[in-house]
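Dear colleague,

I am passing on the structure below for your files. My notes on its contents follow it, and I would be grateful if you could read the two together.

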Amino acid sequence: MKKIIAALLVGCVIAPQILFAGAWTLPKGDVWMQEQIKFFWAKKQFSPGSDLSRFPRDARSWGWAMIPEIHYGITDWLDFLFKMEYKEGHYKEYARPNAWGPYSVKNHGLVTVEPGVKVRFLNEPMVLSGQFVYSIWNDSYQENGLSDVSEAPGLSDRTNFWETRLLAGKKWDTKLPFYMGLESGYRCNTRNVVDQVPLFYECGFWPMKFLLIKTELDCMFGLDNTTSGSPVMEKSWAIWRI
């Protein structure tokens with residue numbers, strides 16, 4: 001699997017690319033690729049009650065993930081999408097009683113595979129598209145129970161989901177060209193994970209033809225049922241990227 005992903009990474013580097021995706025679809029036969037590499041580190045966690053507290057026994061969690069993504073223009077208004085995530089996680093306790101012995105675990109594997117399609121409805125006065133994605137959780141690296149030491153630390157929430165989004169975007173060809181994009185929709189999760197509402201905003205500009213500077217606000221809201229049965233939307237996470 002590492003060899004396959006390495007090949008995809010090379011493809012992401014050498015393949016022809018457009019400057020951004022968002023609501024825009026590709027010309028027929030064109031390809032858009034990107035590669036995300038994420039590094040993470042933590043000494044605190046959220047409890048089921050959403051309280052932030054330190055890990056027990058002065059533990060630390062760290063790791064990385066790489067997410068290659070590809071879009072292919074089937075027609076000028078219809079794209080095929082494919083994305084997958086390979087992840088590695090570490091967890092170590094630094095203040096354990098000597099009688100307990102050391103505790104350090106590591107886990108890695110292909111976590112999810114996400115095929116999908118994007119359809120463009122409008123091109124003017126702005127670009128308006130719809131997107132459908134189905135995420136397939138890969139359980140080949142987690143065949144045992146959640147409490148099994150060989151499965152720690154967990155790499156995902158172990159859920160499949162389907163997601164629909166409405167995407168809007170517009171580019172202004174001014175002296176300093178810039179664009180904006182907005183996305184939202186609905187994510188239906190399985191395996192007792194609450195459904196969610198994604199919200200994504202991005203904007204950027206080109207100070208030079210070969211340089212795009214952009215910022216993104218990526219949010220997810222969970223639909224949690226109350227005692228009355230009415231769903232309440234609560235923020236799951238929000239990430240600002242530059």
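The structure, a predicted model, holds eight aromatic pairs; rings of Phe, Tyr and Trp (its six-membered ring) pair if their centres lie within 6.5 Å, and planes under 30 degrees apart count as stacked, over 60 as edge-to-face and the rest as tilted. In the pair of Phe55 and Tyr91, the ring centres are 5.4 Å apart and the planes stand at 85°, so this pair is edge-to-face. Phe55 lies in the loop between strand S3 (52-54) and strand S4 (59-73) and Tyr91 in strand S5 (residues 78-93), so the pair ties together parts that are 36 residues apart in sequence. Both Phe55 and Tyr91 are buried, where buried means under 20% relative accessible area, exposed over 50%, and partly exposed in between (1.4 Å probe, protein chains only). Trp172 and Phe178, by contrast, form a stacked pair, with 4.8 Å from centre to centre and 10° between the planes. Trp172 is partly exposed, at a relative accessible area of 30%, and Phe178 is partly exposed as well, at 27%.

Trp24, Tyr179 and Trp206 form one aromatic cluster. Lys171 lies over the face of Trp206, at 5.2 Å from the ring centre, and the charged end of Arg187 sits over the ring of Phe161, 3.9 Å from its centre. A charge is taken to sit over a ring if NZ of Lys or CZ of Arg is within 6 Å of the ring centre and within 35 degrees of the ring normal.

The largest nonpolar core has seven residues: Ala23, Trp24, Val127, Leu167, Tyr179, Trp206 and Leu212. Such a core is a set of buried Ala, Val, Leu, Ile, Met, Phe, Trp, Tyr and Cys residues joined through side-chain atoms within 4.5 Å. Apart from this core lies another, of five residues, among them Ala59, Tyr91, Val105 and Ala152.

Asn160 lies in the loop between strand S7 (127-137) and strand S8 (161-172). Asn160 is buried, with a relative accessible area of 15%. Its side chain reaches the backbone nitrogen of Trp137 at 2.7 Å. Beyond its neighbours within four places in sequence, Asn160 is in contact (heavy atoms within 4.5 Å) with residues including Tyr134, Cys188 and Arg191.

Some backbone details deserve a note. The peptide bond from Glu124 to Pro125 is cis, with omega near 0°, and Pro125 is placed in the loop between strand S6 (103-122) and S7. In the loop between S3 and S4, Arg57 has a positive phi near 55° without being a glycine. Asp58, in the loop between S3 and S4, likewise has a positive phi, of about 50°.

As for the chain overall, its secondary structure comes to one helix and twelve strands; helices (H or I, at least four residues) and strands (E, at least two) are DSSP runs, numbered from the N terminus. Of its 242 residues, 36% count as buried.

Residues are numbered from 1 along each chain as its sequence is written. In this predicted model, local features need pLDDT of at least 70 and side-chain atom pairs count only at pLDDT 80 or more, while totals for chains, interfaces and linings use all residues; side-chain values use heavy atoms, with hydrogens and water left out.

Yours sincerely

Notes: A polar contact is a pair of N or O atoms within 3.5 Å; within protein, one must be able to donate a hydrogen and the other to accept it, and residues adjacent in sequence count only if both atoms are side-chain atoms.
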